[in-house]
Amino acid sequence: MLVAAVLTACSKKETDNPNNNRMNTTLQLTQEWDKTFPKSDKVDHKKVTFHNRYGIELAADMYMPKEKGDAENEALPAIAVSGPFGAVKEQSSGLYAQHMAERGFVAIAFDPSFTGESGGEPRRMASPDINTEDFLAAVDFLATQEGIDPERIGIIGICGFGGMAVNAAAIDPRIKATVASTMYDMSKVNVEGYFASEDTPAQRMEKRRAMAAQRTADYKAGTYKRAGGVVDPLPEDAPWFVKDYHAYYKTKRGYHERSGNSTDGWNVVGCQSFMNQPLLAWAHEIENPVLLIHGEKAHSRYFSEYAFERMTGKHVEGVNAKEGNKELMIIPGATHVDLYDDVAGVIPYDKIERFFKDNLK
């Protein structure tokens with residue numbers, strides 16, 4: 001018998017929205033301040049929406065400086081921010097965006113397709129193409145807003161959306177400057193496993209077979225099985241970087257009910273396409289400046305080192321490096337999650353501000 005059910009796996013809150021993914025739909029957005037960080041009295045804030053070229057409507061928080069100083073009558077530079085992978089705009093990306101607005105930029109933090117308050121069905125899917133497109137759509141939006149200079153737009157990608165940001169910079173020269181903070185290359189980690197622990201043809205085939213079997217099971221069941229968010233309760237023998245994630249996503253520090261990492265995670269098949277679609281294939285042709293920021297103690301540091309090598313041809317390990325307009329900044333003693341928020345006080349906002357002011361002009 002043919003399975004007639006539409007595959008969903010959405011929670012009730014997600015399916016309450018009557019949208020059907022068509023272009024220019026109207027999203028139902030939370031209006032109260034529900035971020036994991038306090039609101040700054042130096043910025044104005046409002047909700048905005050925009051659509052990508054697939055017709056998926058994206059939800060964003062726009063942060064604008066209250067004081068423009070000498071630029072009172074000038075169009076301002078703008079920055080689009082997203083990530084981490086599995087997070088929502090009420091977490092790290094909103095914090096980064098608000099800080100950039102305090103420093104004179106218009107900044108938006110957006111939920112990627114299929115997540116948070118953004119559109120896209122079924123929920124909790126990921127795509128190297130669509131999620132890269134989400135950044136390009138954010139540039140479309142910013143470039144057409146009154147009071148924003150379309151020639152002075154940059155982007156910030158955090159964690160897994162750091163890799164998407166670099167990929168966006170490789171395809172769209174409108175992005176004049178890119179920052180990737182504590183980045184993951186989602187293609188590399190899905191293909192190789194952590195630290196190349198699954199980097200053989202036999203291991204990859206095992207993953208392909210498991211994913212294919214899950215697709216059949218999902219279609220038969222009429223629902224997508226979720227992979228689960230950050231493990232909770234935390235096993236005593238959990239790897240230290242899992243404990244790092246738990247300290248953010250599963251505590252008051254960073255928990256948010258719309259975050260997949262805080263709740264039930266991605267669909268098991270959600271990242272399948274990363275297995276054969278390398279994100280950084282054309283990173284070496286990025287002409288505009290890129291700043292990679294990573295913690296010295298981060299388990300993920302090698303992703304930024306690999307990205308720097310892809311862009312410049314120069315191999316580095318654990319050190320600051322600069323080649324042309326590509327830069328790798330290593331934060332001493334910092335872990336992966338230290339760059340999600342300001343708890344450790346290590347996010348180099350001054351450096352990020354200077355990078356954008358030097359390159360968005």
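**Charged side chains of the predicted model.** In this predicted model, the chain carries 42 positive and 51 negative side chains, and the centres of these two sets lie 3 Å apart. The accessible surface over the chain comes to about 15900 Å², and carbon and sulfur atoms account for 51% of that area.

**Overall fold and dimensions of the chain.** Nine helices and nine strands make up the secondary structure elements of the chain. The radius of gyration is 20 Å, close to the 21 Å that the globule rule gives for 361 residues, so the chain is as compact as a globular protein of that length. Along its principal axes, the C-alpha trace spans about 70 × 45 × 40 Å.

**Burial and contacts within the chain.** Of the 361 residues, 57% count as buried. When contacts between residues at least 6 apart in sequence are considered, 71% of them join residues that are at least 24 apart.

**Close-up of serine 127 in its loop.** Serine 127 is placed in the loop that runs between strand 4 (106–110) and helix 3 (128–143). With a relative accessible area of 12%, serine 127 counts as buried, because the cut-off for burial is under 20%.

**Surroundings of serine 127.** The side chain of serine 127 reaches the backbone nitrogen of aspartate 129 at a distance of 3.2 Å. Once the neighbours within four places in sequence are left aside, the residues in contact with serine 127 are Thr132, Ser273 and Phe274.

Technical notes: Residues numbered from 1 in each chain as written. Predicted model: local features only at pLDDT ≥ 70, side-chain atom pairs only at ≥ 80, totals over all residues. Heavy atoms only, no water. Helix = DSSP H or I, 4+ residues; strand = E, 2+ residues; numbered from the N terminus. Rg over C-alpha atoms; globule rule 2.2 N^0.38 Å. Buried < 20%, exposed > 50% of the residue type's maximum accessible area, 1.4 Å probe, protein only. Contact = heavy atoms within 4.5 Å. Areas by Shrake-Rupley, 256 points an atom, 1.4 Å probe, with all protein chains shown as cover. Lys, Arg positive; Asp, Glu negative; His and termini not counted. Charge placed at Lys NZ, Arg CZ, Asp CG, Glu CD. Polar contact = N/O pair within 3.5 Å; in protein donor to acceptor, adjacent residues only side chain to side chain.
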